[in-house]
Amino acid sequence: MKKLIIHGNKPLEGEITINGAKNSTVALIPAAILADSTVVLEGVPDIQDVHSLIEILKDFNVETHFENNTLTIDPSKMESIPMPHGKIQSLRASYYFMGALLSKFGEGVIGLPGGCFLGPRPIDLHIKAFRSLGVDVDDDYGVITLTTPNGMLGTRIYMDVVSVGATINAILAAVRAPGKTVIENAAREPEIIDVVTLLNKMGAQIRGAGTSVIRITGVETLRGVTHTIIPDRIEAGTYISAAVAMAGEKGIRINNIIYEHIESFVAKLDEMGAMMEIGEDYVHVYPSNELKMVSIKTQPYPGFATDLQQPITALLLKTHGEGTIMDTIYPQRVNHIPELNRMGANIKVDGDMIRVEGPSKLSGAPVKASDLRAGACLVIAGLIAEGETVVTGVDNILRGYTNIVGKFTDLGADIRLIEDDQPEE
């Protein structure tokens, strides 16, 4: 078991660069197996979820090479192998193999995915989309068997709820289905545009990504290409939150950002009174005077991202006033709240709402990262707090943040990653 040891309340200065988007990467890797030759993905973050997906690809007899943030995927010898248990269940995004296997082989056996527990996250919408395309779906105690006895055929798919995962899975399944597929009430996230960009480079015919209606004309084959992944807007928001909280005199410059992807997030920081310079591909955060409390409500893109709800919560503890947080995507995304209270936060869960009163004087404490973004929140809280914060559950953080210790160290933070049996200094 690993631990993060943070000695907080130190001003941060310097420059860091954001990696490729985790939420794109975990969909792009399954999408790449639809090619008949080698796909090269550039800007791949070196995170645990990527290594887990590479291990799954190896089980499917897909050749891979990962070095210097470039992942080479050769699916030319891929085999359709049942994956009911084990690695396939280690991360949420493994469900993209459902759509990809259907598209490539017309069949698949996949165990229900794992990942962070954020409350109920059913895959009903995925299953409904597959069935609309002509797929027979059998759920045997969490083992999903997908077959297409009569083949797949393009159709109209209506998403009852806006869902990134279901939209991408429907695209993957339909991309080679004969005829035309129309996905209505589709999610609009940048990561969907990224996946569609890759598929269209590979020879797919997909229009409307980034809108609520996506139109797909099925093709017979897809070819290998090279594709550069978009910057990670959630990683960007996490580091910007830390910068607004703890920027020293010279401030912090955060590079490789697409501003349009974080516009709703930055709008909340502006409302707080944060001092920022927005460049073409960077944000420079300067020390702020008294920050004002804001209220936050998460929404599907282009609204405030649910994945940034937890990282910004730590920053809210430095603001003045009373505010609320409503996560309409995952109302049970509240595991960070009791941990923040251990550190002295004045924050509580009230039904489906989080109530915050600030500013709170945080003190270092032992806390546990129960999921990826809760972990990011606790790291920022540790950087703010007086004294020593010990964060356990670190593997959850490493699932989604490349070299988080190194990046914060480069900014002047006192943060170390140690093994549990290593004596603390």
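Guide: Gladly! Leaving aside residues up to four places away in sequence, histidine 261 touches Pro190, Ile230, Arg233 and Tyr301 (contact means heavy atoms within 4.5 Å). This is a predicted model, in which local features need pLDDT of at least 70 and side-chain atom pairs count only at pLDDT 80 or more, while totals for chains, interfaces and linings use all residues. Residues are numbered from 1 along each chain as its sequence is written, and side-chain values use heavy atoms, with hydrogens and water left out.

Histidine 261 sits in the loop between strand S14 (247-255) and helix H8 (263-272); helices (H or I, at least four residues) and strands (E, at least two) are DSSP runs, numbered from the N terminus. Its relative accessibility is 16%, so histidine 261 counts as buried (under 20% relative accessible area, with exposed over 50% and partly exposed in between, using a 1.4 Å probe and protein chains only).

Pro190 leads us to H6, where the buried residues are Pro190, Glu191, Ile192, Asp194, Val195, Val196, Leu198 and Leu199. After H6 comes glycine 203, with a positive phi near 115 degrees.

H6 (residues 190-201) also meets H1 (residues 22-32): their axes come within 9 Å and cross at roughly 25 degrees. Axes are lines fitted to C-alpha atoms over the stretch in contact, with angles from 0 to 180 degrees between N-to-C directions. H1 is therefore roughly parallel to H6 (under 35 degrees; over 145 is roughly antiparallel, 65 to 115 roughly perpendicular, the rest oblique). Asn23, Ser24, Ala27, Leu28, Ala31 and Ala32 of H1 make the contact with Glu191, Asp194, Val195, Leu198 and Leu199 of H6.
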